[in-house]
Amino acid sequence: MDNEFFQGYRGQALEVLKQYNVRVWGKATITTTRGNFEGTVLPRSCNDDEKHIVIKIESGYNIGIDVETITNMKETGYNKVNFKIQEKDFPSVQGLPTVKLFGTGGTIASRLDYRTGAVIPAFSPGELYSAVPELAEICNLETEKVFAVFSENMGPTHYIALAKAIAKEIERGVDGIVIGHGTDTMQHTGAALTFMVQNPPIPIILVGSQRSSDRPSSDAPLNLMHAMTAAGHGDIAEVMVCMYGTTSDEYGLLHKSTRVRKMHSSYRSTFRTIGDTPVASVTRDGVTHIKENYNPRRKDRKVKLLPYFSDKVTMVYYYTGIKPDVIDSLVDAGYKGIVFVGTGLGHLNKELYPAIERAHAKGVHMYMTLQTLWGYVQMFVYDTGRDIMAKGVIPCGNMLPEVAFIKLSWALGQTEDPEEVKRLMLTPINDEITEREPYNGYVLLQGGVPEVDDFLAKTRK
């Protein structure tokens, strides 16, 4: 058979396919020493190993079969699959809101390129309509790809360009904005947009997915529907993150972008509001408020655009035994701001004191946040905290470390005057610092604790 029938396979795996006359896209029954399997043989990524044959089984999941366990294979059918997403004309429905979707990358609406193993975005309105037809019942959709990067590659230039694009669309008159974004750094981008696009008249929703669209358990379609509902029909005009609220498909949550954090590597409900409650829950039927205080939707097109950012700010996560040369090296490299992520109430070891004094003398702006995430920096309690403040480190209340990093970068993009930077840092723009944490803003469902196990047994689905 021609090599076009063995896309991506080589070595042992290729020889086994040829031995049994089984082609890529062929439906096959496979007998192995570990049991029998049936499914469609898929192409391999060019970068994958030579020892496995990959099939898509009836459930929709892909499994790899070690060729050394295969004792027999038989092709029972063949149907070459075209994985290009079909385009359908996205209908325009009078009376529905217009939502603009900005694409930055990620897997919110995508397909898998089996040749390389890479995810390819579905992004035009026609592709999205084909992939998630329910969107046509929610809004009139416009799309624009501003970037095509993994979220770890998002940075200052992307934040600024995205903020300007959002302001332009607000002035043009769209009813809501959704930003498709990779989940790994969504909290950073959300914080940056909160500071750069202030007091917006419409919802600005960041949305992503934990699992790519080719997987049966993908959260992408529902997250996208929830985000479009919140952007087009919701009345909360803030920068928010919209992701699964539970591990099931019940509802999504809208998180304030200055208080949200990705808290699990693979759970679909990975995003959690820290030190507060989510702003609202959302289903395809609409938005249900959780918080009473929020920035309401307005009819005007006014927005305060402040697209500033300094790339000379860093974070230092304290660890036992850290040496002063870590701080000195940052100062020598020209860094203008340091956000410390300290222990307890905001502590560092005494060995760092001389380096902190040298940094302060050279005009470096230093702020303290907490490794605990929940709670407040309280540097007046112990001598350690008082000593550190006396050397120029300023406490940040209950601001999350990543948010403090983004905000200090934003502040130093505008001024290096210490008092003005301090004013910008400690004046809340959208609850990055709160007066208190609500009683239900800190909930840890720790397995093994009797009362929690009892609760989970009654409510887990």
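This is a walk through one protein chain, from its overall make-up to a few single residues. The model is a predicted one, so please read every value below as computed from that prediction.

Let's begin with the chain as a whole. Its secondary structure comes to 11 helices and 23 strands. The chain has 461 residues, and 50% of them count as buried. Contacts also reach across the sequence: taking those between residues at least 6 apart, 71% join residues at least 24 apart. You will meet some pairs of this kind further on.

Which of its residues are buried?

Now for a strand. Val-241 belongs to β13, which spans residues 239-244. Is Val-241 buried or exposed? Its relative accessibility is 0%, and therefore Val-241 counts as buried. Leaving out residues up to four places away in sequence, Val-241 touches Met-186, Leu-206, Leu-253, Leu-254, His-255, Ser-257, Val-260 and Phe-271. One of these contacts, Met-186, stands 55 residues from Val-241 along the chain, with 7.9 Å between their C-alpha atoms.

Pro-428 gives another setting. This residue is in the loop between α10 (418-426) and α11. With a relative accessibility of 41%, Pro-428 counts as partly exposed. Again setting aside residues up to four places away in sequence, Pro-428 touches Lys-407 and Ile-433. Met-399 is 29 residues from Pro-428 in sequence, and the two are 9.5 Å apart in space, C-alpha to C-alpha.

Asn-199 has a positive phi of about 55° although it is not a glycine. You can find Asn-199 in the loop that links β11 (197-198) and β12 (204-207). Its relative accessibility is 46%, so Asn-199 counts as partly exposed. Leu-373 is not a glycine either, and its phi is positive at about 70°. The loop that holds Leu-373 runs between β22 (365-370) and α8 (383-390). Here the relative accessibility is 13%, so Leu-373 counts as buried.

Next, the open spaces. Rolling a probe the size of a water molecule over the atoms shows where empty space is left. The largest pocket has a volume of about 1400 Å³. It is lined by 32 residues, and those closest to its centre are Gly-245, Thr-246, Ser-269, Arg-272 and Leu-445. Which elements supply at least two residues each to this lining? They are β14 (252-256), β16 (271-273) and α11 (450-459). Of these, α11 gives the most, with 3 residues. Sorted by class, the lining of the largest pocket has 13 nonpolar, 14 polar and 5 charged residues.

The second largest pocket has a volume of about 320 Å³. Its lining is made of 18 residues, and Asp-276, Lys-291, Asn-293, Asp-431 and Thr-434 lie nearest the centre. By class, that lining divides into 5 nonpolar, 5 polar and 8 charged residues.

Last, a word on cysteines. A disulfide is a covalent bond between the sulfur atoms of two cysteines. How many disulfides does the model contain? With a cut-off of 2.5 Å between the sulfur atoms, the count is 0. Cys-139 has a relative accessible area of 0%, so this cysteine is buried. Cys-396 is buried too, also with a relative accessible area of 0%.

Technical notes
Residues are numbered from 1 along each chain as its sequence is written. This is a predicted model: local features need pLDDT of at least 70, side-chain atom pairs count only at pLDDT 80 or more; totals for chains, interfaces and linings use all residues. Side-chain values use heavy atoms; hydrogens and water are left out. Buried means under 20% relative accessible area, exposed over 50%, partly exposed in between (1.4 Å probe, protein chains only). On a 1 Å grid over the protein atoms alone, a cavity is a set of points where a 1.4 Å probe fits but cannot get out, and a pocket is an open set with protein on both sides within 12 Å along at least five of seven lines; lining residues have an atom within 4 Å of a point. Grid points are joined across faces, edges and corners, and a volume is the space filled by probe spheres set on the points. Helices (H or I, at least four residues) and strands (E, at least two) are DSSP runs, numbered from the N terminus. Ala, Val, Leu, Ile, Met, Phe, Trp, Tyr, Cys and Pro count as nonpolar, Asp, Glu, Lys and Arg as charged, and the others, Gly among them, as polar. Contact means heavy atoms within 4.5 Å.
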